[in-house]
Amino acid sequence: MYAQQVDTGSKSLKTLDEMGPEERHFQEKVNAETKIEPKNWMPDGYRKTLIRQISQHAHSEIVGMLPEGNWLTRAPSLKRKLQLMAKIQDEAGHGLYLYSAMETLGADRDEEIEKLHRGEVKFSSIFTYPTLSWADMGAIGWLVDGAAIVNQVPLQRCSYGPYARAMIRVCKEESFHQRQGYEVLLTMMREGTDEQKEMVQDAINRFWWPSLMMFGPSDDNSPNSAQSMAWKIKRHSNDELRQRFLDQTVPQLEFLGCTAPDPDLKWNEDTGHYDFGAIDWQEFFDVLKGHSPTGIERIQQRKSAIDEGRWVRDAAVAYAEKQKASAA
Amino acid sequence: MNALTQYLLRLADTDMVLAQRLCEWCGKAPALEEEVAMMNVGLDLLGQARNWYDYAAELLDDGRDADQLAFRRNEREYRNLLLAEYPRGDYAVTTAKQFFFDVWHHRVLTRLSGSSDERIAGLAAKGLKEASYHRRRSTEWMLRLGQGTEESHRRLADAVQNLWRFTYELTDTDAVEDELAEAGIGAGNVGDAWRAEVSRVLEQAGLDVPEPARHFYLDGKNGKHTEQLGFLLAEMQYLPRAYPDATW
């Protein structure tokens, strides 16, 4: 998933007794796993939290096209070019139906996009990293889409119906992307030259830690999690999901014949999980604040696409109005 | 190289180069819906290119496969229509370019789906479904931009004027095309149908229909291109050229 540090606006959880009748009814529905639909009453905080989360998620799908677009015109074979085009097309589609899900909450797509371009809202930290070789296309598919899936699978059971249903389709397509990404790397490791193998290891070295950061701050530094969990927007803690991702990824890393840039990574018999080294949270918070390798360029590119396309959208609107007028 | 192989490479290279230009739009489209649509058209064209390359590679039978034909030939060997290599420009340029091509492509694939060469007929029939959608889409955009606002009208008029000079390749045929048409294999000349349909849409869009374009020195079908193609290929072929022994 591509939403990090979503502010719920709430400092402490209310008990059912502290809630008014509407809110209590809402919370009881959530507790009973009944989906909340657009026309149902919902607390303001719930609505705002979802708008923040879904818009951040949608923005990330769209900004996430750019690091891949960086290699699209240089894809090395017909098959790889077709795969990457299809993946990017899927991402644009994910963005579209996430924005639609968000609009069911009363938010406006264009307004939310403007907020992104003004730097008022975020997109996932992972997409501020540059893609420096073709192997990055494999690493993104495998690690980034892989981390996204671990985060998004529980969102298929999110209490808000439209978001949960959007996630079902998104997850299906992303599993496909993840397998393709892994296959890109596996082909280079198994059939490639020494230079290609170095490219793969270098891509993993650069994307390893940023992928682990995708799950957001550690639990003791995640002030919004409790409310999101009570609303069943979120089902598992950041650290829990990070561990799940790591446990499934390390065997794949070994099968690839590559290593992680983490000397502390090792299997722990007692816990049944992999132990790993300390994450550089300073880097994560710097990136979120905009002190990032390509964050500025990503937003500039999105902004100029929308700005330069204004005359096209205006023409489409003017034409539609003329058609309507002549039909009337 | 025999006429059929040349003909297949022309079809393949044109699809390939157009798809590459559409890839350049990634993340830069005027709306999200257009990101999806342009990538969709690009995917169709690239898929068709691959099919034509596969067939050409079989006929050539010199050890090269579809990838080598796409990624290891230089600009003098590329046989795409000049229109395809024209830089993507603004959305009006891309719209006019796709439209001119789509009308031609649709006519050509319609005829090729009745080719006496069964392989060609099958691939063309499959491609025709895609090309029909492309033609409908670009026709709609021609009308939107032509009749939309003053600015969109002006931009589209400029685009048509700039691109028109390359359209003789869509209306004229050369010896290779004539030979294959006589043999019942190629599409032959679709110039009259192309001119009629394009004129109708231009008029509907409120644009002047220029005098027919005439051949002038350049000849994309036989490898004599504009200066633009070299740069396009340099970018597109970078990895296979830089790592000739690599497997991707």
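**Notebook: chain interface, salt bridges and helix packing**

I began at the interface of chain B and chain A, where the rule finds two salt bridges; a salt bridge is a side-chain nitrogen of Lys or Arg within 4 Å of a carboxyl oxygen of Asp or Glu. I note that this is a predicted model, in which local features need pLDDT of at least 70 and side-chain atom pairs count only at pLDDT 80 or more, while totals for chains, interfaces and linings use all residues. Residues are numbered from 1 along each chain as its sequence is written, chains are lettered from A and ligands numbered from 1 in the order in which they are written, and side-chain values use heavy atoms, with hydrogens and water left out.

**Interface**

I looked up the pair Glu33(B) and Arg109(A), whose side chains form a salt bridge at 2.9 Å, N to O. I found 49 residues of chain B in contact with 49 residues of chain A, contact meaning heavy atoms within 4.5 Å. The two chains bury about 4200 Å² between them, 72% of it from carbon and sulfur atoms; buried area is the accessible area (1.4 Å probe) that two parts lose on being put together, summed over both. Leu32(B), Leu43(B) and Trp248(B) supply 18% of the area that chain B buries against chain A, more than any other three residues.

**Salt bridges in chain A**

I recorded 35 salt bridges over all chains. One of them joins Glu33(A) and Lys232(A) at 3.6 Å, N to O. Glu33(A) lies in the loop between α1 (21-31) and α2 (44-63) and Lys232(A) in the loop between α9 (225-230) and α10 (238-256) of chain A, so the pair ties together parts 199 residues apart in sequence. Helices are DSSP runs (H or I, at least four residues), numbered from the N terminus.

I then examined Lys115(A) and Glu112(A), which form a salt bridge with their closest N and O atoms 3.1 Å apart. Both residues lie in helix α5 (residues 109-117) of chain A, three residues apart, about one turn of the helix. Lys115(A) is partly exposed at 27% relative accessibility, whereas Glu112(A) is buried at 6%; buried means under 20% relative accessible area, exposed over 50%, and partly exposed in between (1.4 Å probe, protein chains only).

I also noted a network of salt bridges linking Glu68(A), Lys87(A), Glu91(A) and Asp145(A).

**Backbone of chain B**

I checked Asp61(B), a residue other than glycine whose phi is positive, near 50 degrees. Asp61(B) lies in the loop between α2 (32-60) and α3 (66-71) of chain B and is exposed, with a relative accessible area of 66%.

Note on methods
Helix = DSSP H or I, 4+ residues; strand = E, 2+ residues; numbered from the N terminus.
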